[in-house]
Each structure stands twice: as structure tokens, then as C-alpha cells.
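These are my notebook entries on one protein model. I record what I looked up, in the order in which I looked.

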Amino acid sequence: GAGAGAGVGAGAGTAASNGVSEEVAAVRAQAQTLIRDLQTQLAASRQREEELANQVGRLQLSEESTARRLARAQSTEEELRRELARAAAREEGLAQQLAQTRVALADSGATVVELQSKIGELECALVRMATAEDESLELRGKVDALEHALAASQKNSAASLLSASQSSQASAPGPKRGLPTGVIWDDDDDQDDETDLFVAVRSYTAQATGELSFEEGDEILVLDADMEGWMTGTLKGRTGRFPASYVGTKM
């Protein structure tokens, strides 16, 4: 009976020991599973922490950027306020100028009437000037006609002088009308039949290049004469043009 009881006790102890081992193994497995879950959660927490840190960094950068924009906005606001103040000052100045202009316009009413009167006077003066200009043009026409007549007279005088010179070659010596007293032909003077000797009845000073100057009484050998009252002659080795009215033929 004692042996059977011991055997039974030993069996019961073994069974109890096996049950404890199984429980320990189950607990151990649960602990390991829990550890793995905790490690997974820890890794997730660390990742989440990094994400939050990144978000915090981005938020800080955004905050700094917002602060800078806010500072710029404040500066712009101050500048706008100053510009508004300047605009208000300009507006006040313009208002003063407008008031002064209105006063000046009110004072200029009589001046406008006076100016209109002066304008009328000026218009009358312009009409008188136009009339005087017409008269001046008429006088100018008369002067031009006289100048043409004088030119024609000079041409005729030159032609008459040449004709008289040519006809005088065979005439007797004697005084020539229009010559200085005592001017006569020299019978012993050898003359070329193709040229004419003229005597200056008054002095002439050249007025332009190519003209001939001479004194009263000078004898000029005339080479040519045109229809405009001018002659070309030689005196003392000089040749030039001169008015025909300053000389006469030597008789």
C-alpha cells in the first residue's frame, strides 16, 4: 500500500511539474510576444517622434517666414501711411492753389475786357499796316519802272557815245560837250582805227572786282561797250569795266 501510494504521489508530482512548465512556457511566449509588440510600438513611436520633430522644424521655418512677411507688411504699411500723409499735404496745397486761381479769375474779368479792347486796336493797326503795305508795293513798282527807264537811258547813252566816237574820227578837232574845259583831240596822237579813246569827265572808284578806277581827265582806251551802260577800257596798263556815263569822247 505504501509503494502504491508513493507511485501515485510521484506521478502526481510529475504531472504537476509538467503543468507548471507548460504554464511557464506559455507565460514566456506571451512575454516574448508582448516584448515584440512593445518593440514594434517603440519603433513606431520613434518614427512618429521624428515625423513630429520634422513637422516642428517646418513649423518653425514657416513661423520665421511669416514673421519676415509680417515685418515687411508692417514696413509697407508705414510707407503707405507716409505716402498718404504726403498725398494729403499735396491735396491741401492744390486746394490752396485752386482757391488762389479762383480769386485770380474773379479779378481778371476786367482784364479780359481790356485785352479784348487791345485786340480790337491791334486788328485795326493790322488793317492799316496792310493798306500801307499795298501802297509800298505800288511805290516799289514805280521805283522798278524808273530803274528800268534809267537802265534803258544808260544803254542809249552808251550807244550814242559809241556812235559819236565812230563819227568823230573824220571831223575837225574842237571842244566836246560834256568834257572838262580844255579837253580836245590831239592831232598828232596816233590812234588805232579799231579802238576809241575816251576822256573821264569825272573820277570813278571801282566798286567791285574787275572794275577800273580813274581820275577826271584820264584818257581811257575803250575796248568794248555793252547795252547796260558799261564799257571796258585800258588805262596805264590796267583793264576793267566802268560806267559809260563817267567818260566822253575826245574831239
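How many bridges pair β3 and β4, and in which sense do the two strands pair? I worked from a predicted model, and I found that β3 and β4 are paired over 6 bridges in the antiparallel sense.

Entry on the hairpin. I noted that β3 and β4 make a hairpin, with 2 residues between the strands. In the turn, Lys236 has a positive phi of about 55°. I then looked up the bridge partner of Met231 and found Phe242 in β4.

Entry on the sheet. I traced an open sheet of 5 strands, in the order β4-β3-β2-β1-β5, with antiparallel pairing. Its edge strands are β4 (238-243) and β5 (247-249), each of which pairs on one side only. From one strand to the next, the twist averages 45°.

Entry on β2. I found 4 bridges between β2 (residues 219-225) and β3 (residues 230-235), which run antiparallel. Asp224 stands opposite Thr232 in β3.

Entry on the core. Which residues touch the most other members of the largest nonpolar core? This core has 13 residues, and I listed Leu212, Phe214, Ile220, Met231, Phe242 and Val247 as those that touch the most other members. At least two residues of this core come from each of β1 (196-200), β2 and β3. I recorded β2 as giving the most, with 3 residues.

Entry on Phe242. I left aside its neighbours within four places in sequence and looked up the contacts of Phe242. Among them are Tyr204, Leu212, Phe214, Ile220, Val222, Trp230, Met231 and Val247.

Technical notes
Residues numbered from 1 in each chain as written. Predicted model: local features only at pLDDT ≥ 70, side-chain atom pairs only at ≥ 80, totals over all residues. Heavy atoms only, no water. Pairing = 2+ DSSP bridges. Axes fitted to C-alpha atoms, helices over the stretch in contact; angles between N-to-C directions. Core = buried A, V, L, I, M, F, W, Y, C linked by side-chain atoms within 4.5 Å. Buried < 20%, exposed > 50% of the residue type's maximum accessible area, 1.4 Å probe, protein only. Contact = heavy atoms within 4.5 Å.
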